[in-house]
Amino acid sequence: DGAASKDEVKLAKKAYGFAKKAEKALAKGDGVQAVILAENAVAIELNNLDYRGLLARAYMKEGRFQSAERTLMDVIELGQSDARTIVSLALTRIAQGKVDSAIALVEANQAKLPASDFGLALALAGEPKRGIAVLTEAIRSDNSTARTRQNLALAYALDGQWRNSQTMAVQDMPKDMADQRLVEWAQYARPGAFQTRIAGLLGVSPKEDMGQPVRLALNVVAGEVNVASAAEAPVEMAAAPVQSMSELAAVGPAPVETSVDQNTQFVSEPAVKVAVADQISVP
């Protein structure tokens, strides 16, 4: 039917317009507006992977971890389970104190995660000794990048090993800057300060969050396996075949991801704000 087809095209253009405006709002740091616009885009095209990913980033920007968790699970259910998505989902769970779920998630997907991400996620989730072991091994295996060293410095801090933390931190920044960083990390090291850790690394302020609106519930095709519905029982997911991921830093710059939808680019923000050396550039 020609009329129906025209209506669909109009709606698709409208959703695309909302998404572009949401991306611009994110670039300006306006998380509130980005959420509104991205929700509008998703409401029109419930199964659009790019719009869901954009909405997840908007929720993260606003410190709405419960909504971000649900939306990232939707992204995975729609077929994207790259390292960046897994790490981001783990961070939302850690921020909510769901540390067992976060650890189970990264353990199930360890094969696709860079050691720098896996080790830091363990440390942030309350297992710093395991994180230290992973990061130390990564450095010994000729993977001694600045972000791996700084993730190890943070893991040492979370374990209360302040001398080791400082020794590692000063390898990539002046001593006064490293000392400043350790003061910041001292707040993260407080028992149970999971939300403080994630909000601090992301550079966001946690907000009261009622969760993703019901109207945005994912409309999956009947018969599809729901791989992400059980928030507390994550399973290993196959990597998205179209994704080519370079090493993703949980503390450090992240690669730029693009969407091929309607020939526009949707540029992703870092999974976590840079918490370390100023020499590292942030997109």
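Tutor: Gladly! Let's start with a cut-off: a residue is called exposed when its relative accessible area is over 50%, and buried when it is under 20%, with partly exposed in between. Keep in mind that this is a predicted model.

Student: Why is Lys175 called exposed?

Tutor: Its relative accessible area is 51%, and exposed means over 50%, so Lys175 counts as exposed.

Student: And what makes Asp179 partly exposed?

Tutor: Asp179 has a relative accessibility of 27%. Buried needs a value under 20% and exposed one over 50%, so Asp179 falls in between and counts as partly exposed.

Student: How do you know that Asp179 and Lys175 form a salt bridge?

Tutor: The rule asks for a side-chain nitrogen of Lys or Arg within 4 Å of a carboxyl oxygen of Asp or Glu. For Asp179 and Lys175 the N to O distance is 2.9 Å, so the pair meets the definition. Both residues lie in helix α11, four residues apart, which is about one turn of the helix.

Student: Why does the pair Arg130 and Glu107 count as a salt bridge?

Tutor: The closest N and O atoms are 2.8 Å apart, and the limit is 4 Å, so the label applies. Arg130 lies in helix α8 and Glu107 in helix α6, so this pair ties together parts that are 23 residues apart in sequence.

Student: Are those two buried or exposed, or something in between?

Tutor: In between: Arg130 is at 33% relative accessibility and Glu107 at 37%, so each counts as partly exposed.

Student: What does the salt bridge between Arg149 and Asp172 tie together?

Tutor: Their side chains meet at 2.6 Å, N to O. Arg149 lies in helix α9 and Asp172 in the loop between α10 and α11, so the pair joins parts that are 23 residues apart in sequence. Both Arg149 and Asp172 are buried.

Student: How many salt bridges does the rule give?

Tutor: The count comes to 14. Elsewhere, Arg52, Arg70 and Asp74 are linked in a network of salt bridges.

Student: What makes Arg163 exposed?

Tutor: Arg163, found in helix α10, has 71% relative accessibility; the cut-off is over 50%, so Arg163 counts as exposed.

Student: Which residues of helix α6 are buried?

Tutor: Val99, Ser101, Ala102, Ile103, Leu105 and Val106. The buried residues of α6 pack against α5, α7, α8 and α12.

Key: Residues numbered from 1 in each chain as written. Predicted model: local features only at pLDDT ≥ 70, side-chain atom pairs only at ≥ 80, totals over all residues. Heavy atoms only, no water. Buried < 20%, exposed > 50% of the residue type's maximum accessible area, 1.4 Å probe, protein only. Helix = DSSP H or I, 4+ residues; strand = E, 2+ residues; numbered from the N terminus. Contact = heavy atoms within 4.5 Å.
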